[in-house]
Amino acid sequence: MAKKFSEFSFRPEIMRALEEVGYSECTPIQEKSMGPILAGHDLTGMAETGSGKTAAFLLPILETLQAGGDDPRAVVIAPTRELAQQVAKEAERLSRHLDVRVVCVYGGTGLGEQKNLLLAGVDLVVGTPGRLIDFARQTYLRLSKVRWLVLDEADRMLDMGFIKDMEYVMSKAPMSRQTLLFSATFPQEIRDLSAQFMNEPVHVEVESPSLTARNITQFAFMVAGAPDKIRCLKELLRKEKPEQALIFVATRERTAEVADMLRRSGEAVASISSLLSQVNRERVIHSFRQGKTRILVGTDVAGRGLDISGITHVFNFDVPHDPNDYVHRVGRTGRAGRTGRALTLVSPQDRPYLKAVEAHLGIKMERGEGSGAETGGETERDRSPRRRSAGGGGGHRPSGAGRGRPAGGRGGSSGSGRGSAPGNDNRRRRGSRGAPTQGGRSGGRGRGSSGSGKGSSGGSKSS
Ligand code: ADP
Ligand code: MG
């Protein structure tokens, strides 16, 4: 039986907000991490995608935060603008009966408005690293009063692309701060690296049968070659009839290409990548959130954190090269107790990456029938002796099962009541979790060192 929020003795203003947004029981990560955070501990929290990590760090902060200072007491950093905006929204929702001032800072838009909000006094800042550091350097954002520093998608925030920025922020925030790291994935090297930013952290982990959320059913479709992918994708969209689908591609250039090809067959499709202007990015996400766009083609810029309840299907048009990216991508579906389907298209070139994903997760995905079979090309299905090993049936299942929303999904009363999903073949114990992924790390400096600022910049980095 999951804990009720009332057992944490939150202020009445918070309890009222929780009631209004429809959270009654804690999800497991909330239950396990809110106590230690309230008690003042540094903490790393790891739990599957869509399991309520945002509220797990926001609620204890909001409980303790004294509103009304000039400089922020709480800072939350997220890797993309869309995620920062989403987290800020959740903070506003949960603090709606408190006087807490939440400001979201992110790049791609003028400094003026965000600057004025900061100057007016702020309690909680949510932001992407680039803009946050710009403001910190210009002293519109002083970090000297920071009591809580949260890295959402922490493994991403501490990887090569962002580590210098994080060192800078850590160096400006007081040593006495509480540092909170949350993610669905924590490669060992990031765990090791994070130790130096934290003070005797409590590690909280919600056991999950696989790294991927338990209620996502995963399939791999073998296709003969790249040109077959689009045909296979169209066919799958027809068969699966997703309520909403998010399609991941490898490069930003390819987002528009794939979107155009789908559009030609009459689909209402949008695309998102860092090639779009910020205004357009927001427009696209807004329309997708509203359910006005059914199909969105995107890069990994949409891969982390986004919580859009209508996404019943995630497609990987390409197999991601880092298995952790796979976990986050497919985690855009199957959130808050709902079920979802993840379908990955695998060309011969993709096969080593599929292998890596399966090894990392310790699962063997069920093989579905790709269009390669229709075109007569040789496919993995044709050759693989294991092709029917995972689910018996071999061919892909009709999509009926698992779609739709079980009672108690978003806004329902059982955020933590995520029963085992029927038809999930991905339950084997995780395999090489924590194995190093790619590349080396620059040695981060410890807390209190003066970082050298935003030297490095990752490819898809958002500011
Ligand atoms: P994560 O960060 O773990 O991927 P989120 O914090 O984005 O997950 O939450 C996923 C969804 O679950 C959101 O739609 C959120 O509103 C919902 N949610 C969070 N906590 C609860 C709860 N206690 N009860 C019901 N729904 C919840
Ligand atoms: Mg999250």
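Q: How many bridges join β9 to β11, and which way do the two strands run?
A: Four bridges join β9 (residues 244-248) to β11 (residues 295-298), and the two strands run parallel. This is a predicted model.

Q: What stands opposite Ile247 in β11?
A: Val297 stands opposite Ile247.

Q: What order do the strands of that sheet have?
A: The order is β10-β11-β9-β12-β13-β8-β14. It is an open sheet of seven strands with parallel pairing.

Q: Which strands stand at the edges?
A: β10 (269-272) and β14 (366-368). Each has a single partner strand, so one side of each is left without a neighbour in the sheet.

Q: And how many degrees does the twist average?
A: From one strand to the next, the twist averages 25°.

Q: Which strands does α10 touch where it packs on the sheet?
A: Helix α10 (residues 226-240) touches β8 (216-222), β9, β12 (311-316) and β13 (340-346). The direction of α10 makes about 160° with that of β13.

Q: Changing topic to α6. How many of its residues are buried?
A: Seven of the nine residues of α6 are buried, so this helix is largely enclosed by the rest of the structure.

Q: Which ones are they?
A: The buried residues of α6 are Pro129, Gly130, Arg131, Leu132, Ile133, Phe135 and Ala136.

Q: What do those buried residues pack against?
A: They pack against β2 (74-77), β3 (102-105), α5 (112-119), β4 (124-127) and α8.

Q: Take α8 from that list. At what angle do α6 and α8 pack?
A: At about 40°, with the axes of α6 (residues 129-137) and α8 (residues 163-172) 10 Å apart. The two helices are therefore oblique to each other.

Q: Is the crossing of α6 and α8 left-handed or right-handed?
A: The crossing is left-handed.

Q: Which residues meet there?
A: From α6, Pro129, Ile133 and Ala136 meet Asp165, Tyr168, Val169 and Lys172 of α8. By class, this contact has five nonpolar residues, two charged ones and no polar ones.

Q: Why would residues three or four places apart in a helix point the same way?
A: Because an α-helix has 3.6 residues a turn.

Q: What comes just after α6?
A: Just after α6, Thr139 takes a positive phi of about 65°. Thr139 is not a glycine, and its place is in the loop between α6 and β5 (148-152).

Q: Is Thr139 buried or exposed?
A: Thr139 counts as exposed, because it has 7 C-beta neighbours inside 10 Å.

Q: What about Ala336, what phi does that residue have?
A: Ala336 has a positive phi of about 50°, although it is not a glycine. Ala336 lies in the loop between α13 (323-330) and β13.

Q: Buried or exposed, that Ala336?
A: Ala336 is buried, with 24 other C-beta atoms within 10 Å. The cut-off for buried is 20 or more.

Q: Now the whole protein. How many helices and strands?
A: The secondary structure comes to 16 helices and 14 strands.

Q: What percentage of the residues is buried?
A: Buried residues make up 53% of the 463 residues in the protein.

Q: And what share of the contacts is between residues 24 or more positions apart?
A: Among contacts with a separation of 6 or more, residues 24 or more positions apart account for 79%.

Note on methods: Residues are numbered from 1 along each chain as its sequence is written. Chains are lettered from A and ligands numbered from 1 in the order in which they are written. This is a predicted model: local features need pLDDT of at least 70, side-chain atom pairs count only at pLDDT 80 or more; totals for chains, interfaces and linings use all residues. Axes are lines fitted to C-alpha atoms, for helices over the stretch in contact, and angles run from 0 to 180 degrees between N-to-C directions. Angles under 35 degrees count as roughly parallel, over 145 as roughly antiparallel, 65 to 115 as roughly perpendicular and the rest as oblique. A crossing is left-handed if the near helix is turned anticlockwise from the far one by less than a right angle, and right-handed if clockwise. Two residues are in contact if their C-beta atoms, placed from the backbone, lie within 7 Å. Ala, Val, Leu, Ile, Met, Phe, Trp, Tyr, Cys and Pro count as nonpolar, Asp, Glu, Lys and Arg as charged, and the others, Gly among them, as polar. Two strands pair if DSSP finds at least two bridges between them. A residue is buried if 20 or more other C-beta atoms lie within 10 Å of its own, exposed if 12 or fewer, and partly exposed in between; C-beta atoms are placed from the backbone.
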